[in-house]
Structure formats: C-alpha cells, structure tokens
Amino acid sequence: MQKSTNQERLNWDDMRFFLEVARTRTASGAARRLGVDYTTVSRRIRALEQSLGALLFEKSRSAGFVLTIEGQRMLSYAETLESTLQAACEQVSGAGLELSGHVRIGCTEGFGSCFVTPHMSRFQDRYPHISLDILPVPHFVSLSRREADIAITLERPERGPYVCSKLCDYRLRLYATPEYLANHAPIRSRDDLVGHPFISYVEDLAFSSKLLYLNDLVPGAQRQLRSTSVIAHYHAALEGRALAVLPCFLARPDPRLREVLPDEVEVVRQFWIYYSEDLRKLRRISLVSEYLRACVELNQPLLMGESTSMAYLPAA
C-alpha cells in the first residue's frame, strides 16, 4: 500500500489555529479568541508545520510569533480558504434558513458610539441571527490582522486588497456652553478666538492628521486641555471652561451647547468604509455595508449640521 503524503495527513482544522496566531501574533491571544488553552494552540501549530514540512513562525521576544516566508505564503491561501468556506456556508444555509453569522465593525470613536451603534442595534431587528461587534476606538483597526471585518475611517487606505468607497461627508463646528460665552470675552470674529482656551487632541498621539484641524482654524490656539478622545472633548466642553471643535452629529443635538461663529468656523471631513476583497462574497458583509450606507444617506442633514435629530430606517 502506498504511503500517505504529508498533505494527505494535513488536518484542515489546524488552519483556524494558524490564522489566529498569524493575526494576534501570540499563542495566548489566539487561545482566547478560539476558546482553548495555550498548549492546544502550540500543539496544533506544531502539527501543522510537521504536516507541511515547513516552519511557519519564528518566535521573537519583542514581536511574538512572526510569519516566515513560508508562513506568509500560507497566510494568503488560508484566508482564501476561510472566506470560501464562509461564503459556501452562507449560500447553503441561506437556501432555507435566515441569514446568520458574525460581523465586527471597527470605526472612529465618536461616529461609532453616537451613530453606528444606535443604527446597528436596529439592524438586528431585521437580521436577528447576525451578531455584531462594534469597536468605536480612537485609533485605526487592522483588517489584515482581522481585528475587524469592516472598517470605517477618516482616510482612504492607500493600498491593500480592499473593497473601499466613501461613506459620507460630515461637518464639524466650534461649540461652547452658554455659560462660557456669558463669562468670557465676546467672540464676534475669528480674530477674537486667539485669547480663548481650547480643548484639542494630543498631537503626537492623534491617529490621523485629519484630526489636527485646530492648527488651521486658530493658529497658536491656547490649548487648555488635550485628549485623544473626541468623547472626552465633548464632555469637557460641557463643563463650560473652554471651546471645542466637535462633529455636528455629536454636539448640535445637545441643547447645552451653542455653535460659535458657524458661518466662519467649520471643517468638513469624510468617512470611508472598506473591507477585505476576500469578504466580498459574504452576504452578511454586504448587508451591513449597504445598511450603513442607507443610514448615512438618510441622515445627511444631521451629519452636515443642518438637523438636530437622528432619522432611522423603517423596520424590515
């Protein structure tokens, strides 16, 4: 009888372990995501390497598990296999069952917390079997490491195998409390802003240059309080001790804040939405993307500072 080749002895389930280690760069991180212990991950990786007759990872004290050249080649094939399997399961189960699965959305903090989350909670009225993770964080998420399936960011990715498009424009204006305006020097023009304190970003920790709009609006502005979080800016502004440039969708609906020089001080930025080309065939990914696009189209007045109320898509 002919002996089995290494490939014939390959356990395809080991690919799940390989993918998680490649994405987290640690066996412990992969173990948490897979719901197993550290030793199981290590054992499955060793088994996969033995089956392939190749070293897939090199261990580094500073960088963790680093893909070798062979590992990098295997990663692209493994991700294709993963996406193909997910798409096949969707197609087969979708023939007679409600669409199901899991989608993780990485997005900027303010937009993710105040816009994406309320709308996606209603998305689940339509698709109760699709579970969602929403990650509103003040930094970029990595799609290549599968920290998220869909990313919403301030900048279009410069490169990568992504399906990408502009999601929407949004406007930012200058805000203060009525108490602040009553107790400080009057602001009649942009020239009057120089002597006022501002809440701003920590420049060397800002995850995008698109956030550093204060430098252009008020050169040499007095920065009384700095934070990496736009939610922190919002709450600091409510204390009535400084001015803050805030997204209109966050600040304008709040009656405790007033727009300052709305005809002179404004910034327009964009949100971009993208996901890996490998996920294009997954119906749940396209559904989430299409739903978000419909939500922003419905809420253009809010996003551009022309309305104070959120509009919602009808139920199913």
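Trainee: Which helix is Glu 109 found in?

Mentor: Happy to start there, and keep in mind that this is a predicted model. The helix in question covers residues 109-126, and Glu 109 is found in it. Its name is α5.

Trainee: How far away is the nearest side chain of opposite charge to Glu 109?

Mentor: Glu 109 is buried yet has no salt bridge. A salt bridge would need a distance within 4 Å. The nearest side chain of opposite charge belongs to Arg 226, and it is away by 15 Å.

Trainee: Then which backbone nitrogen does the side chain of Glu 109 reach?

Mentor: Good follow-up! Among the residues that Glu 109 touches are Ser 229, Val 230 and Ile 231. At 3.3 Å, the side chain of Glu 109 reaches the backbone nitrogen of Val 230.

Trainee: How far apart are the end C-alpha atoms of α5?

Mentor: Let's work out what to expect. With 18 residues at 1.5 Å a residue, α5 should span 26 Å. The model agrees with that, because the end C-alpha atoms are apart by 25 Å.

Trainee: Where in α5 does the kink lie?

Mentor: Look shortly before the proline Pro 118. The kink there is about 45°. It lies at a residue that is among the buried ones in α5, namely Val 116.

Trainee: Does Leu 55 count as buried, exposed or partly exposed, and why?

Mentor: Leu 55 is found in the loop between α3 and β1. Buried means under 20% relative accessible area and exposed means over 50%. Leu 55 has 46% relative accessibility, so it counts as partly exposed.

Conventions. Residues are numbered from 1 along each chain as its sequence is written. This is a predicted model: local features need pLDDT of at least 70, side-chain atom pairs count only at pLDDT 80 or more; totals for chains, interfaces and linings use all residues. Side-chain values use heavy atoms; hydrogens and water are left out. Helices (H or I, at least four residues) and strands (E, at least two) are DSSP runs, numbered from the N terminus. Buried means under 20% relative accessible area, exposed over 50%, partly exposed in between (1.4 Å probe, protein chains only). Lys and Arg count as positive and Asp and Glu as negative; His and the chain ends are not counted. A polar contact is a pair of N or O atoms within 3.5 Å; within protein, one must be able to donate a hydrogen and the other to accept it, and residues adjacent in sequence count only if both atoms are side-chain atoms. Contact means heavy atoms within 4.5 Å. The expected span of a helix is 1.5 Å times one less than its number of residues. The bend at a residue is the angle between axes fitted to the seven residues ending there and the seven starting there. Lists of a residue's contacts leave out its neighbours within four places in sequence.
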